[in-house]
Amino acid sequence: MRQLLIDIFSFEDRPRFERIGFLIFIIIVLLFPWIVKSAYGRAVMIKFLLFALFGLGWNLIGGYGGQVDLGQAKNVGFGAYATGLMMLWWGVPFWITVPIGMVIAAAESFGVAYPMFRLKGHYFAIATLCVALVWKELFVFWDWTGGARGVEIPIRPTPNFTYMQFGSPVHYHYFIFFLFLIQLLFMNWFRKSKLGYECQAVRDNEDVAASIGINVYRTKVIAYTITGGLGAMGGSFMTVYYLYIDPDFVMPLDLSILIAMTVMVGGAGSMWGPIIGAALLIPLDMYLGAWLGAQKRLGIDFMIYAAIMMVIAAREPKGVWGIIERMRRKRIG
Amino acid sequence: MLLEVRNLVKEFGGVVANAGISLEVEEGKIMGLIGPNGAGKTTLFNCIAGYYRPTRGKVFFEGEEITGWPAHRVAKIGIARTFQGMKALPNLTVEENVMVGAFCQTRDRQIARRRAHGIMELLSIREEANALPTELPIAVQKRIELGRALATNPKLLMLDEIAAGLNPIETKEIIQTLKRIKEEKGLTLFLTEHIMEFIMTISEVITVMAAGRKIAEGPPEMVAKEEKVIEAYLGERYAKGPSD
């Protein structure tokens, strides 16, 4: 038990500069609402934390597990709809809907993982993409999910912690930061765990992994299941933050790809990669889009965005974190 | 008998890679498997370790039939193997490479790490603990692989061309290391190799394969004189002695 707590909360095994960097990051996020007063700036920060959270979860299968999953949006959708529908129908408190959403997403992931991991590499990636698209179409098609009209969450007159509705973005800022920290600490445990090492062994070489007693297939299924559950948590947040969800908003292909991209740009399979990736791409996306949009130059932001990603993908497959790591290793010699 | 292979046949389509191989590996011995390219040595290894399902025949380990078991299950009961070519996990440090093997028998990270440290000490790669395998010379990478296999705590260690790519000095070193760990851990070794010098020095028993069949078996000095073996390696002409 004590060892478990240490594994969750300790960053002792990381080099000093990483720990200092992480501490500075925490302080900036904590003080952020006092420094930045603009509503747009705060919205950018919240979106950054949300995508950092998505990235952390995706990193488990995509980074540590090395399986390119292009369907994470379906799990976001499961979380968002679990929270939205349960609140709408029965007035279930937010904190009860979150674990339920996560369990639903994990159960679905477990179910589809079984046939999907008969496929490898690109074929697996295509399968994940297809499964996510099928779910999105079903949510549009079905009546009980609100169809294409989506779900509107009834607005509560007073700020409240049961339904996590607040008047000011400051509350949401700390709220998403809290969820983000939960996933960060989970990943901190994961990367040191037996499962974490097994995933990395499977990613690096499946034959070698099997030779040291790792059930490759089972490891992939477990990793994919956990990733599903983690994705749902962010979905639940989206429901109470935006107060309106529909399939095009919470489960589109763009979302799946953006989640995968942030991790790849930041550095897949590293502790900090997803955070760095989200810190680069989300502000870029939102500021560039708003700025160019105001000048009636729509679409140029996507080109710039794509160009940055191509450069990173071509120059350093391990992302920004890969560049930092390499520089550090060189310096130590 | 620690390992027993009975009449093992492996066919790939019409190609017969192993045509009814039977052999026994005695506990505590060093068994060598030699044969020219394409003799079916690696196929036999893969059939024993669970990478291929034998077409016919049986494999027993400590009296238990393990024919057709998946590789991870074979590893768990005490058969560890290394692969031809460089197969250290490239994105894990040396320490992590060995540790991931130790996780085969425990969930606990501290135990796995302690075992990894012990094995790195034994193989004298402790100083490289935090390096990545790709930064290190081939001889060290071979030791990492050996360490990873040893960390699973095997009874039988199967080494597929562990000395390939090593120079004569490094080959001598690995022979000494293998003999030492065999004594210390009470292991049984089963190895294939091209380098005759290596396999003749280290093995106590040698099995010779050619074209998917076992053609000879016995102590190294005997096998080396066997006519069929010379024929398989050098061609018929030399087996009968040079005619001109």
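Modeller: Start at B:Leu3, which stands opposite B:Phe61 in S4(B). Keep in mind that this is a predicted model. Strand S4 covers residues 56–61 of chain B, and 5 bridges join S4(B) to S1(B), with the two running antiparallel. Now look at the other partner of S1(B). Strand S1 (residues 3–12) of chain B also pairs with strand S2 (residues 15–25) of chain B, again in the antiparallel sense, this time over 8 bridges. To find your place in that pairing, pick out B:Val9, whose bridge partner in S2(B) is B:Ala19. The hairpin of S1(B) and S2(B) has 2 residues between the strands, and B:Gly13 there takes a positive phi near 60 degrees. As a rule, the side chains in a regular strand alternate between the two faces of the sheet.

Next, see where chain B meets chain A. The contact takes 24 residues from chain B and 17 residues from chain A. On the side of chain B that touches chain A, helix H2 (71–76), strand S6 (79–81) and helix H3 (94–102) each supply at least two residues. Sorted by class, that side of chain B has 13 nonpolar, 4 polar and 7 charged residues.

Last, hop over to chain A for a pair of helices. The axes of helix H4 (residues 72–90) of chain A and helix H10 (residues 216–242) of chain A come within 6 Å and cross at roughly 50 degrees. That angle is why H4(A) counts as oblique to H10(A). The crossing of H4(A) past H10(A) is right-handed. The residues of this contact divide into 8 nonpolar, 12 polar and no charged.

How values were computed
Residues numbered from 1 in each chain as written. Chains lettered and ligands numbered in written order. Predicted model: local features only at pLDDT ≥ 70, side-chain atom pairs only at ≥ 80, totals over all residues. Contact = placed C-beta atoms within 7 Å. Helix = DSSP H or I, 4+ residues; strand = E, 2+ residues; numbered from the N terminus. Nonpolar A, V, L, I, M, F, W, Y, C, P; charged D, E, K, R; others polar. Pairing = 2+ DSSP bridges. Axes fitted to C-alpha atoms, helices over the stretch in contact; angles between N-to-C directions. Parallel < 35°, antiparallel > 145°, perpendicular 65-115°, else oblique. Left-handed = near helix turned anticlockwise from the far one by under 90°.
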